[in-house]
Amino acid sequence: MLAFVIQRIVQSALVLLVVGLVAFSMFRFVGDPIDNMLGQERTQADIDRLRSQLGLDQPFPVQYVKFLGNAVQGNFGVSYRQGRPVSDILLERAPATLELAAVSGFLAILIGIGLGVFTAIRREGFAANAIMSLSLIGVSLPTFLIGILLIYLFSVELGWLPSFGRGDTVRVGGWSTGFLTESGLKALILPSITLGLYQMTLIMRLVRSEMLEVLRQDYIRFARARGLRERAVNFRHALKNTLVPVITVTGLQLGSIIAFAIITETVFQWPGVGLLFINAIQFVDIPVMAAYLMLISVMFVGINLIVDLLYFSIDPRLRADRTKAH
């Protein structure tokens, strides 16, 4: 087990190094931040001085090594646009994105697994077929279009929910949360549905497929032949084995929720790190863009590592295969 953990950690570190290199290389082609930081009256001397202050006159390998060294210490430099430490800006914006991702992920897992089990058990029923047909909406429609449709229906036509913003927030220690205010909770509803709908339908269809496969196994027939109740067969035996392969995909989908929050935050003007990244692109704010991509990469790799370890501990076949290999 220890060797498996060390192997996965080393692989995760290598992935982060590659992602950091690719991201840092891409920023050389998005524009020159000096153009946005100096006015029209700038001189060549002003440009050279500012470029030297920002370290942009140094060779690319030197810039990259310095960036990695500072990033390990939590120092992503100073925002070219706001003139503030990037880490402080991220700490201000992160609660909004994390709360949105948490609510979306919770709804996607809870509803997705529930509907997946229901459509597998009642696969010939009208309700199950209707749910499967409606699930195509979540799979086929792009996220921004779903958000716009929800805004039009619930904000413009019905006026029930706000169309943008995070609502009122309350500071609890160093964390600003919208969970404790009515307007904050209302503001969460539409963005969380928009962000989690695709993941919910994906999890639902995956659970249904795996559940149907498990229900055809011999041990399920044997359990029914023993006279066990249908509820015990479905939830004690079938569902338990269904969730083993679902864990991997679900874990990756939780990472994608955080990554794809950028689209939802743009549609709803949600003040999170995704919207911060879009604004950073417009102003060629390289430290903010680099910090955002590294943050998303760390979350993705971290979630993937946790899923691998969880999968290894749950599935005895992996432990057996690894024991035989040694």
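This report describes a nonpolar surface patch, the salt bridges and the annotated transmembrane regions of a predicted model.

Residues are numbered from 1 along each chain as its sequence is written. In this predicted model, local features need pLDDT of at least 70 and side-chain atom pairs count only at pLDDT 80 or more, while totals for chains, interfaces and linings use all residues; side-chain values use heavy atoms, with hydrogens and water left out.

**Nonpolar patch**

Leu-2, Ile-6, Val-10, Leu-14 and Leu-17 together make a nonpolar surface patch of about 480 Å². Patches consist of residues with over 30% relative accessible area and no salt bridge, where nonpolar side chains (Val, Leu, Ile, Met, Phe, Trp, Tyr) are joined within 5 Å and like charges within 9 Å. Accessible areas come from the Shrake-Rupley method with a 1.4 Å probe, and for residues only the protein chains shown count as cover. Val-10, one of the patch residues, lies in helix H1 (residues 2-26); helices are DSSP runs of H or I with at least four residues, strands are runs of E with at least two, and both are numbered from the N terminus. Val-10 counts as partly exposed because its relative accessibility is 45%. Under the cut-offs applied, buried means under 20% relative accessible area, exposed over 50%, and partly exposed in between (1.4 Å probe, protein chains only).

**Salt bridges**

The structure holds four salt bridges, each defined as a side-chain nitrogen of Lys or Arg within 4 Å of a carboxyl oxygen of Asp or Glu.

Lys-186 and Glu-182 are separated by about one helical turn, because they stand four residues apart in helix H8 (residues 182-215). Within this pair, Lys-186 is partly exposed at 36%, whereas Glu-182 counts as exposed at 60%.

**Annotated transmembrane regions**

An unreviewed UniProt entry annotates residues 12-30, 100-121, 133-154, 243-270 and 290-314 as "transmembrane region". UniProt positions are given in the numbering used here, feature names are shortened, and annotations may be inferred rather than shown by experiment. Over residues 100-121, the chain is 100% helix and 0% strand, with the end C-alpha atoms 31 Å apart. Residues 243-270 are 89% helix and 0% strand, and their end C-alpha atoms are 33 Å apart.
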